[in-house]
Amino acid sequence: MINDTTIDVLSIVKLKRDTHIQSFDCGDSDSNSFLIDDAKDYYDQLMGVSYLVEYKEKELAAYYCLFTDKIVFDFSDKSDFKRKWWQKFNKKNKIHFKKHRKNYPAVKIGRLAVASNFGGKGIGRFILDAVKLMLIENRNIGCRFLTVDAYKNALDFYQKNGFDFLSTEDENEDTRLMYFDLKDVIQSY
Ligand SMILES: CC(C)(COP(=O)(O)OP(=O)(O)OC[C@H]1O[C@@H](n2cnc3c(N)ncnc32)[C@H](O)[C@@H]1OP(=O)(O)O)[C@@H](O)C(=O)NCCC(=O)NCCS
């Protein structure tokens, strides 16, 4: 677990076209190359905003990328299973029956990666906490859930940070769709 002193020396910087990106290695080549090759194009095309987490304002410790998303219920699928799943989702997340919708606003964590030499120090958790706070504090736009297509090797990491699986249908896929109810942060205040 990272100690407060270390958290104090982490800063979050929004990545823009002219931002200098240092070399970065988190052990996952897709995540490495997204930052180096794609993140600025996503920014220019309004498709995703990336944030750099810097250690002592000079060393690149981690990055993440966010874009809008939604949790959708497919009403064309009339199966009882889907309908019951949706009822269960509404009940579990205590969504008032008057607010039941076929989709709910969300923000997706498109990428989240911590440099290997900074791993296991609580920086991943620091990022998730910062994103949750940013979304509920600003409240410039309605957003109820955080979502992520989680890599298999990161499922426990997200579960430890309060994320749940949306469905069992992707159990055998390379990534699993997980979500976090931002209302939980407000209630824990
Ligand atoms: C997954 C990743 C983001 C975790 O970052 P991190 O800074 O090392 O994680 P933290 O130190 O904040 O860990 C928080 C908790 O999750 C646990 N955890 C972290 N990574 C884990 C993993 N891969 N599997 C199981 N538990 C994990 C930690 O043990 C810790 O638990 P604790 O509170 O009980 O001690 C990082 O390993 C990474 O960037 N991996 C490569 C890219 C990747 O897989 N990204 C996820 C994309 S979906």
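Here is a short chat about the ligand site and a few loop and helix residues.

Reader: What kind of model is this, and what pLDDT do local features need?
Author: It's predicted, with side-chain atom pairs counted only at pLDDT 80 or more and totals for chains, interfaces and linings using all residues, while local features need pLDDT of at least 70. Residues are numbered from 1 along each chain as its sequence is written, and side-chain values use heavy atoms, leaving out hydrogens and water.

Reader: Which pocket does the ligand take up?
Author: A pocket here is an open set of points on a 1 Å grid over the protein atoms alone, where a 1.4 Å probe fits and protein lies on both sides within 12 Å along at least five of seven lines. A molecule sits in one if more than half of its atoms lie within 2 Å of its grid points. The ligand's space is the largest pocket.

Reader: Which element gives the largest share of the shell around the ligand?
Author: The shell holds 20 residues (near means a heavy atom within 4 Å). The largest share, 4 residues, comes from α5.

Reader: Is leucine 46 buried or exposed?
Author: Leucine 46 is in the loop between α2 and β2, and its phi is positive, near 60°. Most residues other than glycine have a negative phi. Buried means under 20% relative accessible area, exposed over 50% and partly exposed in between, with a 1.4 Å probe and protein chains only. At 77%, leucine 46 is exposed.

Reader: What is the phi of lysine 94 near?
Author: Lysine 94 is in the loop between α3 and β4. With a relative accessible area of 70%, lysine 94 is exposed. Its phi is positive, near 50°.

Reader: How far apart in space are glutamate 137 and lysine 98?
Author: Glutamate 137 belongs to helix α4 and is exposed at 55% relative accessible area. In sequence, glutamate 137 and lysine 98 are 39 residues apart; in space, C-alpha to C-alpha, the distance is 25 Å.

Methods
Helices (H or I, at least four residues) and strands (E, at least two) are DSSP runs, numbered from the N terminus. On a 1 Å grid over the protein atoms alone, a cavity is a set of points where a 1.4 Å probe fits but cannot get out, and a pocket is an open set with protein on both sides within 12 Å along at least five of seven lines; lining residues have an atom within 4 Å of a point.
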